[in-house]
Amino acid sequence: MSLTEIIFTKICRVHDIDEDTGKRFIINETEIAVFKSHGKIFALSNICPHQQTALIYDGIIEDGCVVCPAHGWKFNLRTGNKKSGSRGLDSYEVKIVDENIYVKVVPKMVNW
Ligand code: FES
């Protein structure tokens, strides 16, 4: 098992995601929206900070941003920040190995 497979979670193959669309995944109990745009893969939180809806994966892509389908807030695909530059969605590191997509999501810590 490679280091990538230990730290990152394999979610699917690059061709499983169509250009300018997103898919929803759950990794370590975290909702992730994964997009392909201009052939690049991006991973963001799937939970919109506006009303906590799990719809980001279903947003349209325009100008390097994903648009939340509920009320139109825009988030940068690369950083997750709002169009204004303020903090928006968490973004996750992505690696492509042999056409497989790996996403780094640290498990949520349990605090007793
Ligand atoms: S829930 Fe996303 S913009 Fe309102």
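Valine 97 has asparagine 100, in strand S10, as its bridge partner. The model is predicted: local features need pLDDT of at least 70, side-chain atom pairs count only at pLDDT 80 or more, and totals for chains, interfaces and linings use all residues. Residues are numbered from 1 along each chain as its sequence is written, and side-chain values use heavy atoms, with hydrogens and water left out.

Strand S10 covers residues 100-103 and is joined to S9 by four bridges, the two running antiparallel. Strands count as paired if DSSP finds at least two bridges between them. S9 and S10 belong to an open sheet of three strands, ordered S1-S10-S9 with antiparallel pairing. At its edges lie S1 and S9, each of which pairs on one side only. From one strand to the next the twist averages 30 degrees, with axes fitted to C-alpha atoms and angles run from 0 to 180 degrees between N-to-C directions.

| Edge strand | Residues |
|---|---|
| S1 | 9-13 |
| S9 | 94-97 |

The chain holds one helix and ten strands; these are DSSP runs, helices being H or I of at least four residues and strands E of at least two, numbered from the N terminus. Starting at the N terminus, the element order is α-β-β-β-β-β-β-β-β-β-β.

Of the 112 residues in the chain, 38% are buried, meaning under 20% relative accessible area with a 1.4 Å probe, protein chains only. Among contacts (heavy atoms within 4.5 Å) with a separation of 6 or more, 40% link residues 24 or more positions apart.

Definitions and conventions: Buried < 20%, exposed > 50% of the residue type's maximum accessible area, 1.4 Å probe, protein only.
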